[in-house]
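The structure comes before the details.

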Amino acid sequence: MADALHTLSAAELGRRLAAGSLTSRALCEALLARYDAVNEKVGAFTHLDRADVLAQADASDARRQAGQGRGPLEGIPVAIKDNIAVKGQPLTCSSKMLASLVSPYDSHVAERLRAAGAILYGRLNMDEFAMGSSTENSAVRKTFNPWDLARIPGGSSGGSAAALAAGLVPLSLGSDTGGSIRQPASHCGVVGLKPTYGLVSRFGLVAFASSLDQIGPMARSVEDCELLLTALASADVRDMTCFGPAERALTPAGDAKQLRIGVPKGFLGKGVAPEVAAAVEAAIAFYRAQGCAVSEVELPSADLAVPTYYVVATAEASSNLGRYDGVRYGHRSAQAGTPFEMMTNSRSEGFGAEVKRRILLGTFVLSAGYADAYYNRALRARAKIRAEYLAALAQVDVLLTPTVPTPAFKVGEKASDPLQLYLEDIFTIPANLAGLPALSVPCGKSGHLPVGFHLVGAPLSEAKLLAAGRLFEAAHGFAHQQVAL
Amino acid sequence: MAEGFDIDHLAKLARLNLTDAEKALYSTQLSSILGHFRALAEADLPSSVDDARVVREAALRSDEPGPSLGAEAVTRIAPAARDGQISVPRVVDDES
């Protein structure tokens, strides 16, 4: 029987490719066979161009043959969330609004992956315009959790997480505005990192809430996640929030066994499922046993994070999504007799329910008479939350919490209650509000469902987070877990 | 319903047509969500906002022409185009 290439890490695949015992074509053919076997069940991908994948693989093999390999990602497939532009591939954001859009250009991260020799491998399902926590808001298809096909994979990068867990691809890209990389990573038993705001360029990422959005790596191990981050992170003048060459040095990792770990008071209490709390407490005990100093920290404004986020994110979304007016690209209604009709009908036909809900909410919190009470207060609350996180992170190196309070829920279970769904993000949102890096690492199970823990660090402390994750991962068997599908 | 919450006005500002059923649903849901935001109104907050994302002048590029997608690539993805230009419904009436 052929080696089960779909189970291997990107690092191991890279070693085999470098040693000449594997070609990128053979790897891609194995993954295409895996796609045929399981994608219909899982629904992770919305588009995959086989001929293009194999052409990229052949080009990679030719480069390697000629001694022109481009590094550790040479020949390795990376699947991409459908809100990140790849020239010549669909860019739908899982929305009817962009159903027929083919990107005329590469995002910065796509350019980086090409320069690293990676194979740009297909488009991954997501909540429409990245708005959601279950991938149920996709207008294209449903995605299911590989660990239990009756349950959601999380979201909005649900396709990115499910593809990894199902062995469809070794690496994927997600985007994270309030937890959209880390929450699905936790639900699917994989690793996801939201980098420091400014570390990875968003040029070519379809904008949702620009003061919060980040692109980040997802993988089945911490090592692979780090490999992908290294390829993605570089200066780019086309995203004015992206750090320049002189500003982007990461803090050295140091010795993970010397880390000072802060556990926010009350974060393992109310609303956290007992099995989730138990798995996270076991992780805390592990770090303590390794020699890490664990202490309790206070984050008094934690309760403000969800309302602050939903004011800021929807306000920015209502503005960003104003560009979908039926004029330049995207859906234009057939009923477009006047400019006003064209805009209103195109938007009404093109956007799904959650996107409309958030546009309406964002419009309200910015509207005359209410902006002071909602938007401006949220900006002040955001300053307070950021200050509290930075103060806590002056005392400890990382903050450790669950990634999500509860394991993956059943498809449809929370579909009628948007507020319940918004509370899924309670532990992940503050890192976006404060611009901090955050990592989700698998740490156990609740029944048969994966549970992750969440590390947040000071700006540019990615190496510390990843070192802490590697220390845990090396001692536990959660990396590259295989699901029977 | 939250004070001053006018779904018709909001839909118009957001350029969305809503059916009566959608208006009823969104009104209920938005009121519930805004109720959850009350914590913001009651919190003791600093007077200043988070200015971490205020754009630094150093981050701005000089305003000079550079390579761009070009008309062909742009009109190819447009809903309607003619003679290298994007076409839209008439904006100005003959009489006006």
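## A pair in chain B

E72(B) and R76(B) are both exposed, where exposed means over 50% relative accessible area, buried under 20% and partly exposed in between (1.4 Å probe, protein chains only). Their side chains form a salt bridge, with N and O 2.6 Å apart; the term requires a side-chain nitrogen of Lys or Arg within 4 Å of a carboxyl oxygen of Asp or Glu. The two residues are four apart in helix 4 (residues 71–76) of chain B, about one turn of the helix. Helices (H or I, at least four residues) and strands (E, at least two) are DSSP runs, numbered from the N terminus.

## Basis of the model

The model is predicted: local features need pLDDT of at least 70 and side-chain atom pairs pLDDT 80 or more, while totals for chains, interfaces and linings use all residues. Residues are numbered from 1 along each chain as its sequence is written, chains are lettered from A and ligands numbered from 1 in the order written, and side-chain values use heavy atoms, without hydrogens and water.

## Pairs in chain A

E12(A) and R15(A) form a salt bridge with the closest N and O atoms 3.2 Å apart. They are three residues apart in helix 1 (residues 10–19) of chain A, so about one helical turn separates them. A network of salt bridges links E12(A), R15(A) and R16(A).

R141(A) and E40(A) also meet in a salt bridge, at 3.4 Å from N to O. This pair joins distant parts of the chain, 101 residues apart: R141(A) is in the loop between strand 3 (119–124) and helix 5 (158–165), and E40(A) is in helix 2 (residues 24–42). R141(A) is partly exposed at 22% relative accessibility, whereas E40(A) is exposed at 65%.

## Total

Over all chains, the search finds 24 salt bridges.
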